[in-house]
Amino acid sequence: MTGFWDMKKKSKVWRITIAASILLFSNLLIAAELTRLVRVCEDCHSKDGYSEDPEVPIIAGFSREGFHSTMDSFRKFKRTSLSIRLRNLPEKYLKMNDIAGRLSKNDIRILADYYSALTFRPAIQEANAVLV
């Protein structure tokens, strides 16, 4: 009888080990996907979405709803953007409409969750004294 109970305990431990491994692996995949997606954004919006370029908006701290709505507008060409020269590929230009069109709804959800969790920091900008 002890053999049966020992086997049952080992089976439960084995199932828990497998479940934990699957959970860990799926979290690693999600982290890798987030890193890949954020790198795409960082080409124009800088590290963690804190752009210092006056023509590129800061996306850190953008609300989930606002992020989804903006991306949807770009995808449907209800909103257009300037062509931006990529820092890491200076000969290549991209438009936000092209980028948004390549992202899945899940990609947008992941990015919206990430950028909405960051704190907004306004950019330091020079003001034109004539206009102030």
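## Basis of the description

Helices (H or I, at least four residues) and strands (E, at least two) are DSSP runs, numbered from the N terminus. Tyr115 lies in helix 4.

The model is predicted, so local features need pLDDT of at least 70 and side-chain atom pairs count only at pLDDT 80 or more, while totals for chains, interfaces and linings use all residues. Residues are numbered from 1 along each chain as its sequence is written, and side-chain values use heavy atoms, with hydrogens and water left out.

## Aromatic pairs

Rings of Phe, Tyr and Trp (its six-membered ring) pair if their centres lie within 6.5 Å; planes under 30 degrees apart count as stacked, over 60 as edge-to-face and the rest as tilted. The count by this rule is three aromatic pairs. Phe67 and Tyr115 are stacked, because their ring centres are 6.1 Å apart and their planes stand at 15 degrees. Since Phe67 belongs to helix 2 (residues 64-75) and Tyr115 to helix 4 (residues 105-117), this pair ties together parts that are 48 residues apart in sequence.

Tyr114 and Tyr115 form an edge-to-face pair, with 4.9 Å from centre to centre and 80 degrees between the planes. Ring pairs link Phe62, Phe67, Tyr114 and Tyr115 into a cluster.

Buried means under 20% relative accessible area, exposed over 50%, and partly exposed in between (1.4 Å probe, protein chains only). Tyr115, at 0% relative accessibility, is buried, whereas Tyr114, at 22%, counts as partly exposed.

Leaving aside neighbours within four places in sequence, Tyr115 is in contact (heavy atoms within 4.5 Å) with residues including Val38, Cys41, Ile59 and Phe62.
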